[in-house]
Amino acid sequence: MIAPLTEPIRSCAPKNLDEIMDYLNLPVSLKNYTSILDSAGKENLSHKEFLVRLLSLESCAKFERQIQSRIIHAKFPQIKTLDTFDFNFPTSIPKQKILSSLELSFIDNAEGIVFFGPCGCGKTHLANAIGYKAASAGIKTLYTRAVDMINHLIASQADHSLHRAMKFYSSPRLLVIDEVGYLPFDKQGSDHFFNVISSRYEKGSVILTTNRAFKDWGKIFHDNTVASAIIDRLVHHSEVIKIEGPSYRVKDRKK
Ligand code: ADP
Ligand code: MG
């Protein structure tokens with residue numbers, strides 16, 4: 001048990017209102033309390049109404065800071081939204097499925113989404129747009145390219161920080177793993193990939209993008225056994241969204 005503080009120590013605590021607000025880290029209240037006091041007087045607000053007005057300003061500002069921090073920590077390569085996505089460009093795309101995924105209920109159920117389609121069809125754009133929506137709703141989200149995640153895990157194994165690195169990928173409620181399939185992984189990389197997917201299974205959501213059909217995943221992940229184990233966990237509670245059509249990059253180049 002800690003002994004109660006003596007009076008001389010207590011007397012050093014901040015006393016005037018500005019100091020107290022500063023000490024309690026209430027910057028918005030500190031900046032606005034005089035004008036809110038003023039309007040409270042004019043509008044004849046009760047004490048409680050005054051407090052609500054003051055503290056709701058502070059809590060809105062805190063919420064905004066938290067959302068900004070969620071977005072920064074998600075490490076999106078670019079901010080993309082569905083507003084800039086032309087659903088008429090792909091030759092085939094399940095628009096309704098994508099729109100309903102923006103409601104984010106799949107995250108509450110720890111379900112996932114796999115975007116499958118050829119290069120340039122908008123997989124990264126859509127994965128980021130959903131990720132951005134989640135982070136903006138205060139959901140802890142992380143974006144990574146598959147190759148970066150695997151390189152990080154391999155390096156962390158070498159310097160004995162694998163446990164921390166695994167936590168980095170297993171703890172966000174939504175993990176966006178982009179570009180699965182462009183580069184194959186060796187046994188060690190495949191095992192790390194499996195461990196990430198397995199650690200998140202039925203606990204956290206994964207949005208994954210790939211240009212390769214599941215039947216070819218044995219060529220990405222060292223052997224068919226580990227590929228099947230990954231696919232099995234991944235698709236059990238995931239929506240597979242297949243997109244078909246030409247590359248949007250080529251369209252941009254032609255323009
Ligand atoms: P993928 O990941 O499938 O290779 P991207 O999502 O990286 O493709 O798309 C390539 C570029 O084209 C990005 O700048 C993306 O914003 C844009 N893009 C792709 N499809 C569309 C679309 N249907 N409408 C608007 N922009 C698109
Ligand atoms: Mg991509």
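Which residues touch the most other members of the largest nonpolar core? They are L82, I98, F106, F115, L126, I130 and I207, out of the 29 residues that make up this core. The model under discussion is predicted.

**The largest nonpolar core**

- Several elements each supply at least two residues of this core: α4 (47-74), α6 (105-108), β1, α7 (123-136) and β3 (174-180).
- Among these elements, α7 gives the most, with 6 residues.

**Strand β1 and its neighbours**

- Strand β1 covers residues 112-116 and is mostly covered, since 4 of its 5 residues are buried.
- Strand β5 (residues 238-242) runs parallel to β1, and 5 bridges join the two.
- Within this pairing, G112 stands opposite S238 in β5.
- Strand β1 also pairs with strand β4 (residues 205-210), again in the parallel sense, over 4 bridges.
- Here V114 stands opposite L208 in β4.
- In a regular strand, side chains alternate between the two faces of the sheet.

**Aromatic groups**

- The structure holds 9 aromatic pairs.
- One of them is formed by F214 and W217, whose rings lie 5.0 Å apart, centre to centre.
- The angle between the planes of F214 and W217 is 70°, and the pair is edge-to-face because planes over 60 degrees apart are counted in that way.
- W217 is buried, with a relative accessible area of 0%, whereas F214 is partly exposed, with a value of 26%.
- The value for F214 lies between the limits of 20% and 50%, so this residue counts as partly exposed.
- Both residues belong to one aromatic cluster, which is formed by F185, F193, F214, W217 and F221.

**A nonpolar patch on the surface**

- I20, Y23 and L24 form a nonpolar patch on the surface.
- Together these three residues have about 330 Å² of accessible area.
- I20 is placed in helix α2, which comprises residues 17-23.

Technical notes: Residues numbered from 1 in each chain as written. Chains lettered and ligands numbered in written order. Predicted model: local features only at pLDDT ≥ 70, side-chain atom pairs only at ≥ 80, totals over all residues. Heavy atoms only, no water. Patch = residues over 30% accessible without salt bridge, like charges linked within 9 Å, V, L, I, M, F, W, Y side chains within 5 Å. Areas by Shrake-Rupley, 256 points an atom, 1.4 Å probe, with all protein chains shown as cover. Salt bridge = Lys/Arg side-chain N within 4 Å of Asp/Glu carboxyl O. Phe/Tyr/Trp six-rings, centres within 6.5 Å; stacked < 30°, edge-to-face > 60°. Buried < 20%, exposed > 50% of the residue type's maximum accessible area, 1.4 Å probe, protein only. Pairing = 2+ DSSP bridges. Core = buried A, V, L, I, M, F, W, Y, C linked by side-chain atoms within 4.5 Å.
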